[in-house]
Amino acid sequence: QPVKVPQLAKRIEQIKSQQQQPYASKVLLLDDDQELAEHYRLVLTQAGKNVKVMAEPTELLAVLAEFRPDIVLLDVHMPPYSGVTLARMIRLEPDWLSLPVIYLSSEQDRDLQISALAQGADEFITKPISDEQLILTVRALCHRARQLAKLVSSDGLTGLLNHSHIKRALGHEYARVQRYGHNTSLAMLDLDHFKGVNDTHGHGVGDLVIKALAQLLQQRLRTTDHLGRYGGEEFVVILPECSLAQAKHMFEEICYHFSQLSFMGNNGTFHVTVSVGLALLNDFVSEEHALNAADAALYQQKQAGRNGVTC
Ligand code: GH3
Ligand code: MG
Ligand code: MG
Ligand code: MG
């Protein structure tokens with residue numbers, strides 16, 4: 001059946017607006033004053049934020065894990081709870097160490113404010129708060145947190161996720177697979193005979209080869225895929241919504257394109273190849289088992305002559 005034109009036009013508009021707004025910051029708001037919370041929600045929503053309001057402090061950790069906010073706005077007085085205790089609780093979780101936390105409170109006592117900030121929150125804003133102050137503060141803290149997170153999570157040479165952060169992404173995606181059951185592929189890549197490249201052309205040229213593969217991966221894979229430099233010349237890629245057959249096809253193309261790149265060496269140009277091992281996260285009892293399987297498949301591909309993909 002042909003797609004109706006108005007539907008198509010609507011879909012195109014949707015895609016366009018998604019492209020223009022790459023990512024709406026997620027704001028978690030905790031205030032026992034529902035009217036005030038609703039006002040903040042409206043103001044921040046109009047400023048393009050994705051806002052979630054919660055009134056039940058006991059659910060905070062669960063909501064953090066589920067919603068994964070970019071910033072938390074905490075009321076201080078929420079009998080029988082205190083926002084200060086909640087801020088301390090957030091900071092005890094390694095996952096939320098760098099999450100910006102702002103108190104919104106009518107508390108005027110400077111000493112109380114300071115001791116509240118000492119629990120690890122970033123800012124204390126005293127009510128009444130102007131809409132503009134709220135928007136600007138949230139925007140600035142989200143921006144800084146995002147830059148910081150990017151810096152901390154990325155590998156210096158390639159800009160891909162570093163070892164610990166690709167492993168963290170793997171943990172998250174494995175949990176999603178368990179919950180939703182969508183096909184998610186895992187790839188482990190290793191450059192072929194890379195010792196030889198370094199020995200012949202030097203480490204600097206070797207680094208350029210590593211960067212070139214990272215760039216190719218970034219160009220060819222989806223923005224929803226997770227790309228990491230696992231170790232020296234080894235990469236890990238997680239591909240949500242991707243079957244083994246699709247992943248195999250994709251990486252065969254990547255292997256081919258990479259083998260066609262020319263690098264400038266000591267005595268003219270040279271070529272490098274890469275080997276890939278694949279596993280489907282859905283098939284394993286843990287992400288570690290899947291990682292081992294991808295590694296084993298990679299080893300098989302090395303045995304089978306490199307420059308290609310094994311499932
Ligand atoms: P194989 O095809 O079996 O993978 O052979 P290989 O020589 O690539 O394998 P091996 O794991 O023995 O060697 C990896 C080499 O990668 C060793 C090391 O010198 C090089 N290497 C690791 N990290 C870096 C890096 O950051 N920069 C450069 N230039 N080389 C690196
Ligand atoms: Mg209150
Ligand atoms: Mg290696
Ligand atoms: Mg290698």
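**Group meeting: a sheet, its helices and a ligand shell**

Let me begin with the sheet, in which 5 strands form an open arrangement in the order 2-1-3-6-7, with parallel pairing; two strands are said to pair if DSSP finds at least two bridges between them. The edge strands, each pairing on one side only, are strand 2 (50-54) and strand 7 (123-126). Neighbouring strands of this sheet are turned against each other by 20 degrees on average, direction ignored.

Before I go on, please keep in mind that this is a predicted model, in which local features need pLDDT of at least 70 and side-chain atom pairs count only at pLDDT 80 or more, while totals for chains, interfaces and linings use all residues. Residues are numbered from 1 along each chain as its sequence is written, and chains are lettered from A and ligands numbered from 1 in the order in which they are written. Helices (H or I, at least four residues) and strands (E, at least two) are DSSP runs, numbered from the N terminus.

Within the sheet, strand 1 (residues 26-30) and strand 3 (residues 71-75) pair in the parallel sense over 4 bridges, and Leu-29 stands opposite Leu-73 in strand 3. Helix 2 lies across strand 1 and strand 2 and runs at about 170 degrees to strand 2, whereas helix 3 (residues 60-67) lies across strand 1 and strand 2 and runs at about 170 degrees to strand 1. For these angles, axes are lines fitted to C-alpha atoms, for helices over the stretch in contact, and the angles run from 0 to 180 degrees between N-to-C directions.

Now to the helix pairs. Helix 2 (residues 34-46) packs against helix 6 (residues 131-153) at an angle of about 60 degrees, with the axes 10 Å apart. The two, helix 2 and helix 6, are therefore oblique to each other; under 35 degrees counts as roughly parallel, over 145 as roughly antiparallel, 65 to 115 as roughly perpendicular, and the rest as oblique. Which residues meet here? Tyr-40, Val-43 and Leu-44 in helix 2 meet Asp-131, Leu-134, Ile-135 and Val-138 in helix 6, where contact requires C-beta atoms, placed from the backbone, to lie within 7 Å. By class, this contact of helix 2 with helix 6 has 6 nonpolar residues, no polar and 1 charged; Ala, Val, Leu, Ile, Met, Phe, Trp, Tyr, Cys and Pro count as nonpolar, Asp, Glu, Lys and Arg as charged, and the others, Gly among them, as polar.

Helix 8 and helix 9 pack at about 135 degrees, with their axes 7 Å apart, and are therefore oblique to each other.

Of the 15 residues around ligand 1, Asp-192, Phe-194, Lys-195, Gly-206 and Gly-232 come nearest, a residue being near if its C-beta atom, placed from the backbone, lies within 6 Å. Strand 8 (184-191), helix 8 (194-201) and helix 9 (203-220) are the elements that give two or more residues to this shell, and helix 9 provides the largest share, 4 residues. The shell around ligand 1 divides into 3 nonpolar, 5 polar and 7 charged residues.

Note on methods. Contact = placed C-beta atoms within 7 Å.
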